[in-house]
Amino acid sequence: MGGAHSRDDLISDSDEEEYEEENGEEEEYQDSKDETPERSSDRRPKTPSSIDEVETKLKALKLKYGSANPQNPSLTNAVKLYLHIGGNTPKAKWVTSEKLTSFSFIKTSKINCQDGEEDDEESENEEENREAWWVLKVANKIKVKVGVEMQLKSFGDQRRVDFVTKGVWAMKFFSDEEYRNFISKFNDCLFENTYGIESNDANKVKVYGKDFIGWAKPEAADDSIWEDAEDVSFNSPQPVRANQNLREEIEEAANGGIQSLALGALDNSFLVGDSGIQVVKNFAHGIHGKGVYVNFDHGNQKSASKLVHSTPKRALLMKAETNMLLMSPTTEGKPHTTGLHQLDIETGKIVTEWKFGKDGTDITMRDIINDSKGAQLDPSGATFLGLDDNRLCRWDMRDRNGIVQNLATSTPVLNWAQGHQFSRGTNFQCFATTGDGSIVVGSLDGKIRLYSTNSMRQAKTAFPGLGSPITHVDVTFDGKWILGTTDTYLILICTLFTDKDGKTKTGFSGRMGNRIAAPRLLKLTPLDSHLAGVNNKFRNAQFSWVTENGKQERHLVATVGKFSVIWNFQQVKNGSHECYHNQEGLKSCYCYKIVIKDDSIVDSRFMHDKFAVTDSPEAPLVIATSLKVSSFSISSKR
């Protein structure tokens with residue numbers, strides 16, 4: 001599957017083929033050369049099944065014979081409704097579902113009404129103790145809560161919007177004004193459904209803050225940083241272009257169910273599975289080889305036995321990639337844990353079981369990461385960062401007083417070297433570090449906080465949320481760009497700003513003020529979102545991997561179900577990129593490549609930049625399912 005634009009063809013106003021349903025079965029359609037609905041042959045019109053349909057068809061007839069201009073119907077909120085059929089097959093195309101119908105936004109608590117139930121038209125009709133939501137209703141075919149899950153995509157030049165709800169739909173409007181009014185009303189309903197308050201300027205300031213009003217009104221934001229994105233100050237291969245392909249180099253079966261990837265920048269990488277860790281070799285064309293397999297029941301029998309019954313969900317390389325820290329959740333379904341295991345990779349033994357504690361009390365952590373982007377390469381590294389719902393800290397495996405702890409008689413407690421316990425309300429979910437050790441933290445409320453290398457108590461900058469929890473976060477080596485993952489979209493934020501002395505800084509080192517660029521959103525098209533499956537969400541979006549100053553990340557990759565989705569970073573940053581034309585609100589990029597696997601993908605990551613060969617603009621991409629690992633290279637050959 002290639003770039004997303006291939007399935008966003010124009011829908012012609014002259015298309016007349018209708019989509020009918022008989023006894024719950026779809027009609028068969030002939031192959032079409034493109035997705036534009038074909039003109040139908042003589043076909044008996046469908047018998048109307050409701051008064052609404054009769055009224056609609058009468059109005060359509062009146063327009064046809066009594067109006068000089070059928071493109072300007074008198075029906076309020078008139079639209080033409082299309083349905084996409086055929087999925088990703090050669091027969092895929094758009095068909096006309098309703099030649100002329102209307103839409104409305106209603107506030108109701110009955111989002112999923114059964115046929116025959118009466119719609120609630122106004123909020124006054126709701127019982128006071130029932131929560132009501134804004135819903136988009138189109139004819140008698142669509143009734144969906146307004147939300148990001150709809151994956152609404154707008155086409156200003158076509159006066160058209162596409163969206164997902166039990167299929168992929170498109171609506172075309174009969175004038176620019178009607179199109180703009182729909183977009184405005186949709187955004188107002190989305191704001192109210194997300195935050196529970198009316199969409200107005202005062203409430204937007206409450207939600208986003210006065211310094212970030214550009215996030216609510218992107219047209220007022222300082223977007224000069226996006227316009228200057230093509231100014232590259234280093235010599236490096238350019239990212240993947242349209243004529244370049246992802247070529248699968250290697251695919252190998254793994255030993256047991258893979259739970260996570262731990263890519264190394266040196267000789268080896270590691271596949272963490274249900275019963276142990278498989279060591280594989282790093283090559284310029286990917287990872288492969290049946291190397292050593294480390295079983296969790298080796299070494300320290302007491303601590304290893306706990307790993308056997310609880311598969312590690314987090315693996316962190318340390319000490320020049322000779323050691324690995326393994327975290328297993330204490331309770332199934334939750335990430336929190338009271339300790340971790342330290343594995344000596346060279347001996348294949350678990351040497352220590354560590355506990356998290358502060359002031360004599362056991363505490364929990366939900367995630368751990370290295371001190372900085374390249375810290376796993378430090379042979380003397382003994383510290384790492386920890387995150388819990390309301391804690392951010394640095395752990396030290398060395399004893400506070402320099403005394404070696406007796407590991408044989410007791411479970412050692414990690415030394416809380418630095419950090420802060422917040423009283424409440426932070427709801428931290430994930431974090432990442434820059435090359436110099438600055439920290440970015442994502443939260444349940446969607447906020448993204450930036451902490452300097454000097455303090456974990458107060459964030460230097462706190463970007464407001466867009467209403468969706470941040471489930472994963474990454475940052476470039478230089479700290480200039482942040483990539484946040486939500487269930488339905490990725491958010492790309494630039495941290496650069498100019499201080500009062502005219503110096504360019506990042507939000508990790510100072511308060512950004514009010515000259516802050518609006519973020520970019522990275523999304524799947526409605527069709528790809530539908531094909532990915534209703535329960536499949538974006539996971540683990542990250543930049544390609546560099547650990548040196550002066551080198552720039554070139555791609556972004558994220559996982560959605562069986563899809564691995566790759567964006568060209570330089571293209572996303574380009575403010576004049578074609579995706580951003582004719583868009584209202586926050587700009588969204590839909591240009592990407594997709595790799596599809598037969599099974600759900602566990603993780604997708606680019607290898608270290610050192611493994612990029614001369615004829616490729618990027619290091620190999622590694623994609624792991626529970627049973628197989630594949631490596632892809634980016635080829636410049638057609």
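Predicted model: local features only at pLDDT ≥ 70, side-chain atom pairs only at ≥ 80, totals over all residues.
Local features need pLDDT of at least 70 and side-chain atom pairs count only at pLDDT 80 or more, whereas totals for chains, interfaces and linings use all residues. Residues are numbered from 1 along each chain as its sequence is written, and side-chain values use heavy atoms, with hydrogens and water left out.

Student: Which residues touch the most other members of the largest nonpolar core?

Tutor: A nonpolar core is a set of buried Ala, Val, Leu, Ile, Met, Phe, Trp, Tyr and Cys residues joined through side-chain atoms within 4.5 Å. Buried means under 20% relative accessible area, exposed over 50% and partly exposed in between, with a 1.4 Å probe and protein chains only. Of the 28 residues in the largest such core, those that touch the most other members are Leu 490, Leu 492, Val 565 and Trp 567.

Student: Which elements give two or more residues to this core?

Tutor: Elements here are DSSP runs numbered from the N terminus: helices (H or I, at least four residues) and strands (E, at least two). Those giving two or more residues are β31 (481-485), β32 (490-494), β36 (538-543), β37 (555-560), β38 (563-568) and α8 (569-573).

Student: Is Thr 495 buried or exposed?

Tutor: Thr 495 is found in the loop between β32 and β33 (496-498). Its contacts (heavy atoms within 4.5 Å), not counting residues up to four places away in sequence, include Phe 463, Trp 481 and Phe 508. Because its relative accessibility is 0%, Thr 495 counts as buried.

Student: How many residues apart in sequence are the parts that the pair of Trp 215 and Phe 463 ties together?

Tutor: Rings of Phe, Tyr and Trp (its six-membered ring) pair if their centres lie within 6.5 Å; planes under 30 degrees apart count as stacked, over 60 as edge-to-face and the rest as tilted. Trp 215 and Phe 463 are stacked, at 5.8 Å centre to centre with 20 degrees between the planes, and both are buried. Trp 215 lies in helix α4 (residues 213-216) and Phe 463 in strand β29 (residues 461-463), so the parts tied together are apart in sequence by 248 residues.

Student: What is the angle between the planes of Phe 422 and Phe 428?

Tutor: Both Phe 422 and Phe 428 are buried. They form an edge-to-face pair, 5.5 Å centre to centre, with an angle between the planes of 90 degrees.

Student: Over the ring of which residue does the charged end of Arg 520 sit?

Tutor: A charge sits over a ring if NZ of Lys or CZ of Arg is within 6 Å of the ring centre and within 35 degrees of the ring normal. The charged end of Arg 520 is 4.7 Å from the centre of the ring of Tyr 580.
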